[in-house]
Amino acid sequence: MANEERKDFNAMLHDSKDMPKMQIVTDEATIKKYGGTRMYFAPPIAYDEVMKTIPEGKVTTVGDIRAYFAAQNAADFTEPITAGIFVSIAAWASHQRETDKTPWWRTLKANGELNPKYPGGIEAQKALLEAEGHVILPRGRKNIRYFVKDYKTVLFPLEG
């Protein structure tokens, strides 16, 4: 996203965009990739609500949140592109609020990777995670990416 400081992310967070909704997918490549035809779309606020449940010292991933929503709504999968956008909206909305903060830094990308699109980029997420006791490891030579060490051991189980 661009010009984050000028956008009203809390308004975006509360704009449901006609979600939640279910869509039947007919594209064979998509069906094969995600394992079914029933694709669920969760509204932005739903991501924020789940992200608020992750306790200090624990983490989750966008993929785990997507799997949680799919299971809760009898879907085969949750739409991945809006999921990535909506966790970023939740993070930025929290950043813009004085109260009712969301611990956005505890939501990771796939394989425990930190998200450069969050407020303050990798450095802010890294500092917040390290303050909670996590070890952050760089990977790569040119395009360095950062990951929570052994993130699977500190995953918070999303149940419902």
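Buried means under 20% relative accessible area, exposed means over 50%, and partly exposed lies in between, with a 1.4 Å probe and protein chains only. This is a predicted model, in which local features need pLDDT of at least 70 and side-chain atom pairs count only at pLDDT 80 or more, while totals for chains, interfaces and linings use all residues. Residues are numbered from 1 along each chain as its sequence is written, and side-chain values use heavy atoms, with hydrogens and water left out.

By the accessibility cut-offs, Asp-15 is partly exposed, because its relative accessible area is 34%. Its side chain meets that of Lys-17 in a salt bridge, at 3.0 Å from N to O. A salt bridge here is a side-chain nitrogen of Lys or Arg within 4 Å of a carboxyl oxygen of Asp or Glu. The structure holds six salt bridges.

Another of these pairs is Asp-100 with Lys-52, at 2.9 Å from N to O. This pair links distant parts of the chain, 48 residues apart: Asp-100 lies in the loop between α5 and β5 (107-108), and Lys-52 in the loop between α3 and β3 (60-61). Helices (H or I, at least four residues) and strands (E, at least two) are DSSP runs, numbered from the N terminus. Lys-52 counts as partly exposed, because its relative accessibility is 30%.

A further salt bridge stays within one helix. Glu-130 and Lys-126 both lie in α6 (residues 121-131), four residues apart, about one turn of the helix. Their closest N and O atoms are 3.1 Å apart. Glu-130 is partly exposed, with a relative accessible area of 35%. Salt bridges that share partners also join Asp-48, Lys-52 and Asp-100 into one network.

The axes of α3 (residues 44-51) and α5 (residues 80-96) come within 8 Å and cross at roughly 65°; axes are lines fitted to C-alpha atoms, for helices over the stretch in contact, and angles run from 0 to 180 degrees between N-to-C directions. On the α3 side the contact (heavy atoms within 4.5 Å) is made by Pro-44, Tyr-47, Asp-48 and Met-51, and on the α5 side by Ala-83, Phe-86, Val-87 and Ala-90. By class, these are seven nonpolar, no polar and one charged residues.

Nonpolar side chains tend to be buried together in soluble globular proteins. A nonpolar core is a set of buried Ala, Val, Leu, Ile, Met, Phe, Trp, Tyr and Cys residues joined through side-chain atoms within 4.5 Å. The largest has 40 residues, of which Tyr-47, Met-51, Phe-69, Leu-108, Leu-114, Leu-129 and Val-148 touch the most other members. At least two residues each come from α1 (9-13), β2 (38-41), α3, α4, α5 and α6, and α5 gives the most, with eight.

In α4 (residues 62-72), Phe-69 is buried, as are Val-62, Ile-65, Arg-66, Tyr-68 and Ala-70. Not counting residues up to four places away in sequence, Phe-69 touches Tyr-40, Ala-42, Ala-46, Tyr-47, Val-50 and Thr-78. Just after α4, Ala-74 takes a positive phi of about 50°.

Ala-74 is also one of the residues touched by Arg-38, again leaving out those up to four places away in sequence. Arg-38 is found in strand β2 and counts as partly exposed, at 33% relative accessibility. Arg-38 and Asp-76 are 38 residues apart in sequence and 5.0 Å apart in space, C-alpha to C-alpha.

Technical notes. Ala, Val, Leu, Ile, Met, Phe, Trp, Tyr, Cys and Pro count as nonpolar, Asp, Glu, Lys and Arg as charged, and the others, Gly among them, as polar.
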